[in-house]
Amino acid sequence: MSQLTLANVTREQVEDFMFLEAEILDEWRLKEWLTLFTMDATYNVPATDVPANASPDGTLFYVADDRFRLEQRVERLLKRTAHAEFPRSKTRHLVSNVRIRGRSDSELDVGAAVLTYRTKMGLTETYIGSYRYRLVVEEGRLLIREKRCILDMDGLKPNGRISIIL
């Protein structure tokens, strides 16, 4: 079996990786989810009224986490004192239309459509959008260097907040 490299990564392998990430999130295995990220990773959710390629340096983002902040977010969500998520929401992440949009010597540019359902206290909320990933291969496995979730919604209402990981 050949060693996984950026040059030989297939769309099917990328899809399997993204489907695994969705499963891990839906099962609330957040510490395991962190292992899918590089040490220099970022996780961003821009506000719904900014361009998809905006930078969190000068624009409002709902979430703009580096690896340290992402670890802190996971720690908070796993505590009983995380009132927004205790008891935790039930989620279902549906990922489709996965495409490798570009490939360089150092990373893959990947896009996908996403639909996330969140159910809590008798209310089901829907988050519609797309993912943009920058994926790398380290030690023979795919990892996320950047994940950006672009919401295709006018705003967060009626949802009102993002207390789950999209």
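**Ground rules**

Helices (H or I, at least four residues) and strands (E, at least two) are DSSP runs, numbered from the N terminus. Residues are numbered from 1 along each chain as its sequence is written. This is a predicted model, where local features need pLDDT of at least 70, side-chain atom pairs count only at pLDDT 80 or more, and totals for chains, interfaces and linings use all residues; side-chain values use heavy atoms, with hydrogens and water left out.

**The sheet**

Six strands make an open sheet of mixed pairing, in the order S2-S1-S6-S5-S4-S3. Two strands pair if DSSP finds at least two bridges between them. The edges are strand S2 (61–66) and S3, and each of them pairs on one side only. From one strand to the next, the twist averages 20 degrees. Axes are lines fitted to C-alpha atoms, for helices over the stretch in contact; angles run from 0 to 180 degrees between N-to-C directions.

S5 and S6 run antiparallel, joined by 10 bridges. Two residues lie between these strands in their hairpin, where glutamate 139 has a positive phi near 50 degrees. Arginine 132 stands opposite arginine 148 in S6. Asparagine 44 also stands opposite arginine 148. S1 pairs with S6 in the parallel sense, over four bridges.

How many residues of S6 are buried? Buried means under 20% relative accessible area, exposed over 50%, partly exposed in between (1.4 Å probe, protein chains only). In S6 10 of the 11 residues are buried, so this strand is largely enclosed by the rest of the structure.

**Helix H1**

The 16 residues of H1 should span 22 Å at 1.5 Å a residue, and the end C-alpha atoms are 22 Å apart, which agrees. The expected span is 1.5 Å times one less than the number of residues. Just after H1, tryptophan 28 takes a positive phi of about 60 degrees.

H1 lies across S1, S3, S4, S5 and S6, and runs at about 155 degrees to S3. Contact means heavy atoms within 4.5 Å. The buried residues of H1 include Val14, Phe17, Met18 and Leu25. Their cover includes H2, S1, S3, S4, S5 and S6.

**The nonpolar core**

In soluble globular proteins, nonpolar side chains tend to be buried together. A nonpolar core is a set of buried Ala, Val, Leu, Ile, Met, Phe, Trp, Tyr and Cys residues joined through side-chain atoms within 4.5 Å. The largest one here has 42 residues. Val14, Met18, Trp33, Leu135, Leu151 and Leu166 have the most contacts inside it. H1 gives the most to this core, with six residues.

Look at leucine 135. Its bridge partner in S6 is isoleucine 144. Leucine 135 also touches Val14, Phe17 and Leu142, among others, not counting residues up to four places away in sequence.

**Aromatic pairs**

Rings of Phe, Tyr and Trp (its six-membered ring) pair if their centres lie within 6.5 Å; planes under 30 degrees apart count as stacked, over 60 as edge-to-face and the rest as tilted. By this rule there are three aromatic pairs. In one, the ring centres of tryptophan 33 and phenylalanine 37 are 4.7 Å apart and their planes stand at 75 degrees, so the pair is edge-to-face. Tryptophan 33 is buried, with a relative accessible area of 0%. Phenylalanine 37 is buried too, at 3%.

Tyrosine 131 and tyrosine 133 form another edge-to-face pair, 5.5 Å centre to centre with 80 degrees between the planes. Both tyrosine 131 and tyrosine 133 are buried. Ring pairs also link Trp33, Phe37 and Tyr43 into a cluster.
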